[in-house]
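Student: Hello! Could you show me how to read a few features here, one at a time?

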Amino acid sequence: MFSYPLISIIVPVYKVEPYLRKCVDSIIAQTYTNLEIILVDDGSPDNCGKICDEYAKKDGRVRIVHKDNGGLSDARNVGIETANGDCITFVDSDDYVSADYVKYLYDLMLRYDADISSCNYLPVREDGVAIKSSDSLTEDKFYNKEKFKEMFSIMLYEENTTIYDPAWSKLYKKTLFVDIRFPKGKLFEDVRTVPQLLHKSERVIFGKEKHYFYQIRQNSIITQNFSEKNYDFINAIEEMCQFISSHYVGLEKPCTRRYISAQIRVLRQLIESKDFDKNEANLLRKKILKDSKGLLFDEKIPKRDKCAIFTLLLGIRLFSVSWNIYAKFTNRK
């Protein structure tokens, strides 16, 4: 008789008291039941630790790890080292998933004999209302080793890369983590780590169905006021591009596109911040224009990026006005 393998769901927990119960409830309600639910309390100063303990008493599948605060990467790594499952998936503790989240990912993995399976996601506000967003994944996309260069090229060129980058929304065979961990103490750890996991795989399947609900919080990393930490996103993308280009020859141009896109994002955040420094913004503008030579004539570059580069040629003010108009009509942050 066929038996379903144990799947470990790793949930890093830190200062998410208003959201934690909704997250864990959605995991406990999974139609795929052979689960190990690992809640890693990363030294949370609120009542998250107590809430985790409550769930452990209610459901024998819930395991708790209480530890000193070490950041998201450290919490995920502890979860990986604690996991007993044949497969691992990550759910951020301020997000939630559909009842068929694990079943969908496992069925995809089984059907395609994949090492990683992924589902689509839906961005939602804190009140549960869905946020309009472009959706580049309208059909299932399967890649074997021979097509990985194509996969990474799409990942680097796509305007909406969220289906590729994050650690969440994916199911991994645990063996992939034998020699791979998330970088402790760094932000945007997913874009530094997920490409390594994809590269190490033999087959990857991206499913079009949306089973992960990504909650946009006002105090999340991507919505906080501008600081030096914002530049770490550029550094993370640079590391990702260096890794990809070192393994796949001929992806220099898409790597440049993704790097420029990261710089444009940080410039936008700088301009929209309360402590906007015009001199700092102009320095970044000049760097973008220098690095983006030739990209305006690349037909694969998203129109959004081409428009951003073109308006930057005419100055910061036009870029800012143009982006605000674009954001208004696309509901983008």
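Tutor: Gladly! Let us begin with one term: contact, or touching, means heavy atoms within 4.5 Å. Keep in mind as well that this is a predicted model.

Student: Which residues does D94 touch, not counting residues up to four places away in sequence?

Tutor: With those sequence neighbours set aside, D94 touches V16, Y19, Q215 and R217. You will find D94 in the loop between β4 and β5 (96-97).

Student: Is D94 buried or exposed?

Tutor: Buried means under 20% relative accessible area. D94 has a relative accessible area of 12%, so D94 counts as buried.

Student: How many residues of helix α3 are buried?

Tutor: In α3 (residues 72-82), nine of the eleven residues are buried, so this helix is largely enclosed by the rest of the structure. Among them are D74, R76, V78 and I80. The cover over the buried residues of α3 includes strands β1 (7-13), β2 (35-42), β3 (62-67) and β4 (87-90), along with helix α6 (189-200).

Student: Now to helices that pack together. What describes two packed helices?

Tutor: Two things do: the angle between their axes and the distance between the axes. Here, take α7 (residues 231-247) and α8 (residues 252-272): their axes come within 9 Å and cross at roughly 175°. Angles over 145 degrees count as roughly antiparallel, which means that α7 is roughly antiparallel to α8.

Student: Which residues make the contact of α7 with α8?

Tutor: From α7 they include F233, I234, I237 and M240, and from α8 they include Y259, A262, V266 and L270. The residues of this contact divide into eleven nonpolar, two polar and three charged.

Student: What describes a pair of aromatic rings?

Tutor: Again two values: the distance of the centres and the angle of the planes. The structure holds 18 aromatic pairs. In one of these pairs, W168 and Y214 are stacked, at 5.0 Å centre to centre with 20° between the planes. This pair links distant parts of the chain, 46 residues apart: W168 is in the loop between α5 (148-157) and β8 (170-173), while Y214 is in strand β9 (residues 203-215). W168 counts as buried because its relative accessibility is 5%. Both rings also belong to one aromatic cluster with Y101, Y121 and Y212.

Student: Where does the charged end of K22 sit?

Tutor: The charged end of K22 sits over the ring of Y96, 4.2 Å from its centre. For another case, look at K58, which lies over the face of Y55 at 5.3 Å from the ring centre.

Definitions and conventions. Residues numbered from 1 in each chain as written. Predicted model: local features only at pLDDT ≥ 70, side-chain atom pairs only at ≥ 80, totals over all residues. Heavy atoms only, no water. Axes fitted to C-alpha atoms, helices over the stretch in contact; angles between N-to-C directions. Helix = DSSP H or I, 4+ residues; strand = E, 2+ residues; numbered from the N terminus. Parallel < 35°, antiparallel > 145°, perpendicular 65-115°, else oblique. Nonpolar A, V, L, I, M, F, W, Y, C, P; charged D, E, K, R; others polar. Phe/Tyr/Trp six-rings, centres within 6.5 Å; stacked < 30°, edge-to-face > 60°. Buried < 20%, exposed > 50% of the residue type's maximum accessible area, 1.4 Å probe, protein only. Lys NZ or Arg CZ within 6 Å of the ring centre and 35° of its normal.
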